[in-house]
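Have the model open as you read.

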Amino acid sequence: MMKNCEDSELISKFKDGDNKAFEEIVLRYQAQLYTYVISMVKNPETANDILQDIFIRIFKNLPKYSEENKLKHWIFIIAKNMTMDFFRRDKTRRALPLETQEDDEMSILDTMPDKTPHPLEVIITNDRKELVRKAISNLSVEERELIYLKDSFTFKEIAEMQNKPIGTLLSKFNRSLQKVKKIISEKEPEAYNEECMR
Amino acid sequence: MKNACDRLPLYLYNEMDEQERIIFEKHLLSCPECRQSLEIFDEIQSAKPEYSAPQAVIDSIFSKTTRKKSFLKQPAIYKTALALAACLLIGVAAVFKNTQKTIEYSNAYNVSPISYEEISNMVSNISSLESINML
């Protein structure tokens, strides 16, 4: 029933006292938000805590929320603010050497369930995927954020949310692609060259 | 064609209008850099992990928001236990306060322990008073 409701309908129902509407909002956005947060903080336990805090804040503020804005935008702005709060509280994390951060990312990949299947016959492809993931994890927080926000928003929407010119976002995205390309070519030069020859 | 390369992300996410897309595809034919970026983009898209929050986290969110129990909605046994604990606390506080009063009284009147000798004197005094009364 609730699954077919638009966001605006869910908000109205929640304001009328229907808690199930809020639960549907949680179920609707948890995966997008969790992927976004975990890609930023690179730690499942921290991501769990941040995700809970995000939804508790949404729950408290939703009664005051004006429906003129889009719910998804608002939710992601809260998510971004709370994730940045985490970084402010945990400044030492950002001071970690790159190698340590890489190790952290790989340990997350080992422990977290991945929706992508990994059959044995595509083990080489999976090695390549691991390499690409490692390359993504080496990007800056802002670059990773943009890559993951793109799953949920257009460039125009992100520009509005972050109050930045769209050109700046396009440049940042291109720069991220170049960085990933460079990291892959450095770590797997032969495979990369074969890819380019095709 | 630097400006055309800058527009690549819009092409990758299908955020160009029809005319812009046709122009960009012509550029793509003559730009090996953009073609390489396109391949890398495809790899990123397929390698990018998608996560789902653990069920325990979802349950915890619900228990802290929509399913949070107010005191009135708590089970009877919980409310009884809480009432008993409150009574016990009040009782302990009352006893403590009473003890404090006794100590204060003792200090104020400088009451000191009485020896057997003093008691004996007091008893003999009382006996002599009683004998006077008898007269």
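## Helices and the chain contact

None of the 12 residues of helix 3 of chain B is buried, so this helix lies largely in the open (buried means 20 or more other C-beta atoms, placed from the backbone, within 10 Å of a residue's own). Helices here are DSSP runs of H or I with at least four residues, numbered from the N terminus. Helix 3 of chain B covers residues 18–29 and reaches 17 Å from first C-alpha to last, close to the 16 Å expected at 1.5 Å a residue (expected span: 1.5 Å times one less than the number of residues).

This is a predicted model: local features need pLDDT of at least 70 and side-chain atom pairs pLDDT 80 or more, while totals for chains, interfaces and linings use all residues. Residues count from 1 along each chain as written, with chains lettered from A and ligands numbered from 1 in the order written.

Now for the contact between the chains, where residues touch if their backbone-placed C-beta atoms lie within 7 Å. It takes 36 residues from chain A and 31 residues from chain B. Helix 2 of chain A gives the largest share of chain A's side, 9 residues.

Within chain A, helix 2 meets helix 3 through residues including Phe22(A) and Val26(A) on helix 2 and Ile50(A) and Phe55(A) on helix 3.

Definitions and conventions: Contact = placed C-beta atoms within 7 Å. Helix = DSSP H or I, 4+ residues; strand = E, 2+ residues; numbered from the N terminus.
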